[in-house]
Amino acid sequence: MTEHTPARPARPLVVAHRGASGSRPEHTEAAYRLALALGAEAIEPDIVATRDGELVLRHENEISGTTDVAERPEFASRRTTREIDGQRLTGWFTEDFTWAELSTLRARERLPQLRGASARFDGRYPVLRLRDLLRLLDEAAPAPGTGEPVRLVAEVKHATYFASIGLPLDELIAAELTGWSSAQPGRLVVEAFEQSVLLQLRDRGLPAEYVYLLEKSGSPADLVARHGAAALSYAGHLTDAGLARLRASGIDGVSVDTALLVRAEPRGASRPSSAWRSIGGGLAASDLVDRAHAAGLGVFTWTLRPENRFLPAPCRIGTAAAAHGDWLAFFTAIMRTGLDGVFADQPDLAIEARAAL
């Protein structure tokens, strides 16, 4: 069990989700540099692997939606179907490419219908490796809001799957990050939707805070692989007993969907037996932050986005999915739960919301 209990910030840390991914194609150098310029206090990349063991930064190992691979005739034969964490996917996968091959691809906006301005940058930027982001962070100025070095919040993707094909992400990531993190204590957070890889990385001695990502529904892929239908659900981890077990195992924090913290006010909110309390404006907040803090865990949430599509109904303005709604009301409601950090596609908007508290 870890003996490190992270100090809670007086205000929530603003983490740039895949860089400034609301303005530039995600996980590109342009997205990361813009996030730094906008005052992000941490940068979050998603980490997957190539066939030759290079750690690359992509939202998923299936890359047809975030690169131009589908238009590259030399890679047409690589299109295939895989089952990843119980989901059957057809496309192109990082583990079927060497880094030399992937480096020839160019990034694309993942949500072009919502973010046409960002899609104008399609084709300009190459895929990056984790080591490329480390270089950017080493060159970056301290975050204006904290005066401290910008932190790295590294998300490990599909660890059970990658281990099954001979690419153990815990081994690869520990080799890449241990020296960097050891030289800069307190700068690294590691997160994953699978607790197993977090504990494996901790056991390898990687100095970091360890944060467990939890979905609104379903069960973690590592537990399903081990226990099948008997796997403990994500919801089971968020009971008082589940939170206590996470802390006892060495987990430092949890990171959850915003809908588990603030949502449109449900029927029966604020009743003595309800986990939800009305906070005005048609919204309600849950007791999850308070319960997690009581268990000794920090709390993060993902993802703050201003478009109507991602806002609860009371905060939408008009009917256009891509139009910005009352993001300020939603962002500040999230922050008033007392949580420790927020992930945002536009870190400047999150910083503005925090200033309005």
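Start by selecting V262: across from it, in β13, stands A285. Before moving on, note that this is a predicted model, where local features need pLDDT of at least 70, side-chain atom pairs count only at pLDDT 80 or more, and totals for chains, interfaces and linings use all residues. Numbering runs from 1 along each chain as its sequence is written, and side-chain values use heavy atoms, with hydrogens and water left out.

Now show β11 together with strand β13 (residues 283–286): they run antiparallel and are joined by 3 bridges. Strands here are DSSP runs of E, at least two residues, and helices are runs of H or I, at least four, numbered from the N terminus; two strands pair if DSSP finds at least two bridges between them.

Next stop, the helices. Select α6 (residues 169–182) and α7 (residues 195–203), which pack at about 45 degrees with axes 9 Å apart. That makes α6 oblique to α7 (under 35 degrees is roughly parallel, over 145 roughly antiparallel, 65 to 115 roughly perpendicular, the rest oblique). Axes are lines fitted to C-alpha atoms, for helices over the stretch in contact, with angles from 0 to 180 degrees between N-to-C directions.

Finally, show side chains: D170, I173 and A174 in α6 meet V197, Q200 and L201 in α7 (contact means heavy atoms within 4.5 Å).
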